[in-house]
Amino acid sequence: MFIQTFSRRAMTEAPDDVAALARQYGPKVFRAAWRILGSRAAAEDVQQQLFLKLLESPPAQVDSWPGYLTASAVRLAIDQLRRQKRWRLIAPLWRPDETDDAPDDDAERAEAARFMRTALASLNPRDAACFVMRHLHGLEPATIGRELGITPNYVSVCVHRARTALEALQAKEQSR
Amino acid sequence: MNALDRILESFATLDVPANVTDEAQRKLESAIARRSAVRRSTRVRRTGGWLAAAVSAAVVTIAVLWMPLAPTPAFAFASVQQHFRDFRTLRFEMKQFVAGRQVLDTRVAMTREGNVRTDIGTNMSVVVNSADRRVITLMHEPRIAMQTPLAARVTRDDELKWLDEVRDFQGMATRRAEPRIIDGQTAYAWKLRIEDMSLTIWATEEGVPLEMQMDGAAQMRFDFRFQLDTPIDASVFSTEIPAGYTAAAPDAEDAAG
């Protein structure tokens with residue numbers, strides 16, 4: 001089992017540890033980012049950004065690497081989703097939509113993905129991250145809170161707020 | 001189960017094909033290996049001390065003796081990389097083309113101290129001022145300005161990723177024999193490949209980069225023109241709200257940094 005914690009100094013001296021982390025958790029990080037972004041290129045960016053940042057400025061202490069990496073991937077992917085939304089508003093030609101869901105995805109799943117990606121981009125990013133970590137990755141509020149630097153109670157508030165907002169957006173879509 | 005739960009259930013079952021994950025993983029491991037190699041070589045350079053200095057002196061001596069006999073300019077791609085690492089100021093204009101049609105023109109000015117100004121077309125400018133620890137986003141058409149505090153040191157955005165890729169490039173760069181004249185200076189082309197991008201960098205005999213062309217997938221092309229170490233007025237990096245612009249509240253997460 002790979003070490004669960006290691007210090008900044010240890011990681012700085014031994015970048016090979018990041019390579020081991022990448023081998024173990026790289027696919028998980030990629031899938032987490034891809035589900036939110038729907039684009040392999042954007043998910044690759046998130047995956048590489050996350051691990052190269054670990055190499056350059058490792059965190060002082062990590063209690064659980066799967067939790068830390070999932071939380072970081074979700075946050076980066078949501079940031080990217082929001083950036084894409086802004087770019088589309090400002091310069092539609094600069095970053096065209098590039099979702100590449102598998103062609104055999106049925107219409108219902110494709111529609112669910114479209115709705116979730118659009119809706120997540122419009123939520124408060126912290127609420128969106130809490131919601132995704134809780135409902136898509138099954139992380140406990142205590143784990144989410146530790147990774148985001150907030151209390152478990154506040155995580156529950158964020159999740160509830162995100163859910164209410166998503167339900168409102170969904171109802172609005174249905175009424176069209 | 002309400003409508004949102006059904007959507008969530010559907011969304012949660014989406015999965016990326018295994019070959020796509022494998023390909024991403026391969027690129028990730030290769031990127032980590034490259035970056036680790038650069039870090040190791042940087043550490044060696046930093047700690048080499050007098051030995052490195054002595055070796056450098058010997059190499060310079062040999063180069064000086066050899067140079068008059070060399071039929072072509074005796075500079076290496078490492079010299080181009082060095083200029084990209086050591087600049088005090090860098091300005092560049094980047095034109096993006098899709099299928100031969102120009103879609104965007106971006107101008108960037110940056111300093112070693114971490115100030116960066118990006119002008120995207122005529123619509124928008126983003127200025128990061130590290131000394132003021134502030135970012136201002138200007139939307140020119142509606143004349144809206146949004147100031148946000150800079151909580152952490154600037155990290156490179158996607159538009160500058162190529163710079164790290166070129167600086168850290170460890171592979172084979174081949175030089176074309178035929179020079180061309182750019183702004184009155186003789187420039188030589190270096191060709192290199194970084195993942196799925198093909199790069200041609202035109203640099204002077206001293207290794208000063210002048211132009212670069214990046215060709216990628218989906219008929220995408222980027223043309224760059226560089227100016228290194230030219231003076232840049234401090235006002236370029238001002239994060240004060242310009243006259244005639246209305247201040248807008250930043251997004252919650254921007255304000256939080």
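Colleague: Which residue in strand 12 of chain B stands opposite B:Phe97?

Modeller: Bearing in mind that this is a predicted model, the residue that stands opposite B:Phe97 is B:Arg221 in strand 12 of chain B.

Colleague: What makes strand 1 of chain B and strand 12 of chain B a pair?

Modeller: Two strands pair if there are at least two bridges between them, and strand 1 of chain B is joined to strand 12 (residues 220-228) of chain B by nine bridges in the antiparallel sense, so the two strands count as a pair.

Colleague: How do you know that strand 1 of chain B also pairs with strand 2 of chain B?

Modeller: The same cut-off of at least two bridges applies, and strand 1 (residues 89-98) and strand 2 (residues 101-111) of chain B, which run antiparallel, are joined by ten bridges. In this pairing B:Phe92 stands opposite B:Val108 in strand 2 of chain B, while the hairpin of the two strands has two residues between them, and B:Ala99 takes a positive phi near 50° there.

Colleague: Why are helix 6 of chain A and helix 8 of chain A called roughly perpendicular?

Modeller: Helix 6 (residues 125-135) and helix 8 (residues 152-175) of chain A pack at an angle of about 95°, with their axes 8 Å apart. Angles of 65 to 115 degrees count as roughly perpendicular, and the two helices are therefore described in that way. Among the residues that make the contact are A:Phe131 of helix 6 of chain A and A:Val159 of helix 8 of chain A, and the contact residues divide into seven nonpolar, no polar and five charged.

Key:
Residues numbered from 1 in each chain as written. Chains lettered and ligands numbered in written order. Predicted model: local features only at pLDDT ≥ 70, side-chain atom pairs only at ≥ 80, totals over all residues. Axes fitted to C-alpha atoms, helices over the stretch in contact; angles between N-to-C directions. Helix = DSSP H or I, 4+ residues; strand = E, 2+ residues; numbered from the N terminus. Parallel < 35°, antiparallel > 145°, perpendicular 65-115°, else oblique. Contact = placed C-beta atoms within 7 Å. Nonpolar A, V, L, I, M, F, W, Y, C, P; charged D, E, K, R; others polar.
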